[in-house]
Structure formats: C-alpha cells, structure tokens
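These are my notebook entries on what I looked up in one structure. I set them down in the order in which I went through the questions.

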Amino acid sequence: MKIHHVACLEDNYAYLIIDESTKEAAAVDPVEPEKVLKAAQEHGVDIKLVLTTHHHWDHAGGNEKIKQLVPGIKIYGGSIDNVKGCTDKVDNGDKISLGADVHILSLHTPCHTKGHISYYVTNKEGDDPTVFTGDTLFIAGCGKFFEGTAEQMHQSLCVTLGSLPKPTRVYCGHEYTVKNLQFALTVEPGNEKIKQKLSWAQKQRETGLPTVPSTIEEEMEMNPFMRADLPELQERVGCKTAVEALREIRQRKDTWRG
C-alpha cells in the first residue's frame with residue numbers, strides 16, 4: 001500500500017491510496033479531480049472509488065466532476081452528511097475493500113460536521129495503519145465545531161481516534177501545522193515535543209514539503225486537543241474536565257490571531 005498526497009486549492013490535501021498488487025486506487029477528498037487523476041496517471045493506477053470525509057465544498061466539491069470523468073466510480077460519504085455526488089453512504093463500522101489487500105474502516109467522527117467520517121486503512125502486508133481524518137483531527141489541531149459540541153469532539157478525538165494503534169499515520173485535510181503548533185505553544189509553553197515539531201515543520205514548509213503525516217502517538221504528545229484528558233493540561237487552562245478543557249482551548253484558538 002502506498003499513499004500519495006495531492007496539494008489542492010490553497011492549503012487542502014487530497015490523497016491517493018494505492019493497492020500496489022492490483023494498481024487500484026482510492027481518492028480521498030479529490031476537490032480538484034483533474035489534478036488527482038493526473039497524479040493517478042503518473043503512478044500508473046486506476047481510481048476505483050472516492051472517500052469523502054465531509055460535505056464541505058473544499059472536500060466534496062469535486063465529486064460530481066470525477067463521476068463525469070470516471071464513469072461508474074463509487075463515491076463514499078457519511079450517511080447523515082449530505083455529501084455531494086455520494087453513491088454509497090457509510091456509517092460507523094462500515095467496511096470498504098480496495099484491490100486485493102487494502103481494507104478501509106469508516107469511523108464516525110462528528111463535530112466539525114454532524115456526519116464527518118474518518119477512514120482507517122490497513123493492509124495485509126502489516127504496514128503501519130493509516131487514518132484519513134479530514135477536518136476532525138489536524139496535525140497539532142482540530143476542526144472548528146461548526147455542527148457539533150465539545151463533547152462530540154472529545155469523543156471523536158480522544159476516544160475514537162485516540163484508541164487507534166499509536167503508530168497509525170495521520171493524514172489530515174489541510175496544511176495548518178505551523179500555525180497549529182504556534183498556538184499549541186501558547187497552551188503548553190514548556191512542551192519540548194511541540195517546539196521540536198514546530199522547528200521541523202517550518203523547515204518542511206520553507207522547502208515546499210508537506211508536514212503530513214504525523215502519527216497518533218505524536219498527536220498525543222503535542223496536540224492540545226488530544227491532550228485534554230491530562231489533569232495538568234486541564235489545570236493549565238483552568239478547567240476540571242477534559243470536555244471543559246477542550247471547549248476552552250477551542251475558544252482560545254478561535255480568537256487567537258497568532
């Protein structure tokens with residue numbers, strides 16, 4: 001299994017998930033279908049299906065076009081998310097196969113949108129698993145609570161995604177890492193992992209390289225939203241529970257001008 005990122009729009013990422021034995025691929029959030037199909041051509045693969053994380057136009061906005069360009073393609077999306085162009089609705093726990101070796105598990109991760117789906121991907125070769133988190137989990141951050149609550153985001157981040165194996169690679173929907181890490185330092189100024197990751201991320205961006213993926217383990221070390229369960233972090237933001245801390249940190253981030 002191989003993963004390729006395709007930079008789209010201003011700071012979005014679409015992805016190709018490739019089953020190497022059959023040269024079949026899935027496209028995650030192909031908002032610029034021509035660009036994603038060109039990448040598929042360069043890698044010598046055929047896109048068989050689309051995995052849509054949520055209904056926002058910068059993720060689902062290419063679905064109708066890719067249906068025209070690839071007749072018969074399947075478009076997966078959350079059953080309650082009203083995803084444009086969706087042909088196959090998925091709920092938490094639904095499984096999708098790609099090629100001979102790739103298995104995709106749908107995880108309902110609501111809050112940013114009510115039907116947001118993250119896709120957990122494994123293969124038979126025993127490579128580290130991967131998860132495509134759209135706008136629920138970013139590197140060192142999380143999505144705005146547009147259609148949900150702090151309780152839901154806590155469940156999505158700290159329970160659903162937080163229980164995945166620690167080596168799981170995290171591929172998110174946007175290149176927001178530098179800003180997220182700069183904000184994370186305002187929450188935990190003494191966190192060395194954040195400082196190290198920020199220095200690395202700045203170098204990556206200066207040379208035009210992506211900061212994706214991270215891992216679930218890294219997120220637990222540096223992402224304030226995934227660290228909301230820690231009593232020391234709750235105390236630092238003046239809260240007594242994980243949900244309160246998550247809400248407080250999100251409110252700070254929403255007004256932070258970095």
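**Entry 1: Asn82.** At 72% relative accessibility, I count Asn82 as exposed; the scale calls a residue buried under 20% relative accessible area, exposed over 50% and partly exposed in between, with a 1.4 Å probe and protein chains only. I found Asn82 in the loop between strand E5 (74–78) and strand E6 (88–90). Helices (H or I, at least four residues) and strands (E, at least two) are DSSP runs, numbered from the N terminus. The phi of Asn82 is near 55°, a positive value in a residue other than glycine.

**Basis of the entries.** I worked on a predicted model, in which local features need pLDDT of at least 70 and side-chain atom pairs count only at pLDDT 80 or more, while totals for chains, interfaces and linings use all residues. Residues are numbered from 1 along each chain as its sequence is written, and side-chain values use heavy atoms, with hydrogens and water left out.

**Entry 2: further backbone points.** Most residues other than glycine have a negative phi, and most peptide bonds are trans. I noted that Ala140, although not a glycine, has a positive phi of about 65°. Ala140 sits in the loop between E11 and strand E12 (141–142), and at 1% relative accessibility Ala140 counts as buried. I also recorded a cis peptide bond from Val212 to Pro213, with omega near -5°. Pro213 belongs to the loop between helix H6 (192–206) and strand E14 (214–215).

**Entry 3: strand E2.** I asked how many residues of strand E2 are buried. For E2 (residues 12–19) the count is eight of eight, and the strand is mostly covered. Asn12, Ala14, Leu16 and Ile18 point one way, Tyr13, Tyr15, Ile17 and Asp19 the other way, and all are buried.

I then looked up the partners of E2, taking two strands as paired if DSSP finds at least two bridges between them. Strand E1 (residues 2–8) runs antiparallel to E2 and is joined to it by seven bridges; Ala7 stands opposite Tyr13. The two form a hairpin with three residues between them, and Leu9 in the turn has a positive phi of about 50°. Strand E3 (residues 24–28) is also antiparallel to E2, with five bridges, and Glu24 in E3 stands opposite Asp19. E2 and E3 form a hairpin with four residues between them, where Lys23 in the turn has a positive phi of about 60°.

**Entry 4: aromatic rings.** My search of the whole structure found six aromatic pairs; rings of Phe, Tyr and Trp (its six-membered ring) pair if their centres lie within 6.5 Å, and planes under 30 degrees apart count as stacked, over 60 as edge-to-face and the rest as tilted. The pair of Tyr13 and Tyr15 is tilted, because the centres are 6.1 Å apart and the planes lie at 40°. Phe138 and Tyr176 make an edge-to-face pair, with 4.9 Å centre to centre and 65° between the planes. This pair links distant parts of the chain, 38 residues apart: Phe138 is in strand E11 (residues 137–138), and Tyr176 is in the loop between strand E13 (169–172) and helix H5 (177–187). Phe138 is buried at a relative accessible area of 5%, whereas Tyr176 is partly exposed at 31%. I noted too that ring pairs link Tyr13, Tyr15, Phe132 and Tyr171 into a cluster.

**Entry 5: a charge over a ring.** Which residue lies over the face of Phe183? I found Lys253 there, at 5.9 Å from the ring centre; the criterion is NZ of Lys or CZ of Arg within 6 Å of the ring centre and within 35 degrees of the ring normal.
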